[in-house]
Amino acid sequence: LHAARHNEVWRLFAHGEYRMVDSLLFNVGAMVERDDVSGTQLSPRAGVNWRVADQQSLRVVSSRAVRNQDIYGKYASTGLTFRELSPAFPAGDTTADFFLAQSTSTLPLPEEINAFEVGYFGYFPALRTDMDVRWFCEKLNKLVSDPANFFEFEVDNDSWTELRGIEFQVHHSLAPGSWAWASYAYIDNDSTNIIETKFTARHSGSVAVAHRFASRWNASAAWYVNRYQNRIAGRYW
């Protein structure tokens, strides 16, 4: 029979801010996480916000985070029950249990992401519009990209992916109770494993409008688009 497995997770988070001058704000934070499978991990974050003009600001943010491995990666054990077997076993049984315990020579390490972004936010009261733009670079290391299932169990940390791109969103007040907004993102995905390139769209965006008819009634409509997703060897699905 399969043995029950237990994984206890602890997390501690702290955040602090320091305003050097009225227009310059620093903030730092970190999370310490510990579990029985991956041990203790640290995820720090640091950022600075600079108000370059009234209701306009620039920001720079750097962070690191981890994704701990789950119980299956360490204690993989699968069971199947076959019923109505024909012919039956000599004792007459038509049901049989099959168990498969899978493991790797070394426990996979936690997956990592190191992210960096430079952004701009501006609010323009005369135009009743605000906008947010950012350029980002995200490097994902020690990825487990190979199969980990009943038939294939290749769990290792030999993949990485780098995402670079730009995205923006604009919000505009059409009239009292009415809004419109639009967003767009361009992401370039460079990876050592072709499977990882399927998970992001090269181009994506949306357009939406909303209106409040009364205190309890709202309506909205939106259009979303993703282009060049599921890209494999130059083909798009």
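This is a predicted model: local features need pLDDT of at least 70, side-chain atom pairs count only at pLDDT 80 or more; totals for chains, interfaces and linings use all residues.
Local features need pLDDT of at least 70 and side-chain atom pairs count only at pLDDT 80 or more, while totals for chains, interfaces and linings use all residues. Residues are numbered from 1 along each chain as its sequence is written, and side-chain values use heavy atoms, leaving out hydrogens and water.

**View 1. E117 and its two arginine partners.** Look for E117 in strand β7, residues 111-124 (strands are DSSP runs of E, at least two residues, numbered from the N terminus). With a relative accessible area of 16%, E117 is buried (under 20%; exposed is over 50% and partly exposed in between, with a 1.4 Å probe and protein chains only). Its side chain makes polar contacts (here, N or O atoms within 3.5 Å, one able to donate a hydrogen and the other to accept it) with the side chains of R59 at 3.0 Å and R134 at 2.8 Å.

**View 2. The rings of F116 and W135.** This is one of two aromatic pairs found in the whole structure (Phe, Tyr or six-membered Trp rings with centres within 6.5 Å; planes under 30 degrees apart are stacked, over 60 edge-to-face, the rest tilted). The centres lie 6.4 Å apart and the planes meet at 70 degrees, so the pair is edge-to-face. F116 in strand β7 and W135 in strand β8 are 19 residues apart.

**View 3. The rings of F168 and Y184.** Here the centres are 6.2 Å apart with planes at 45 degrees, so this pair is tilted. F168 belongs to strand β9 and Y184 to strand β10.

**View 4. K139 over W160.** The charged end of K139 sits over the ring of W160, 4.7 Å from its centre (NZ of Lys or CZ of Arg within 6 Å of the ring centre and within 35 degrees of the ring normal).

Notes:
Helices (H or I, at least four residues) and strands (E, at least two) are DSSP runs, numbered from the N terminus.
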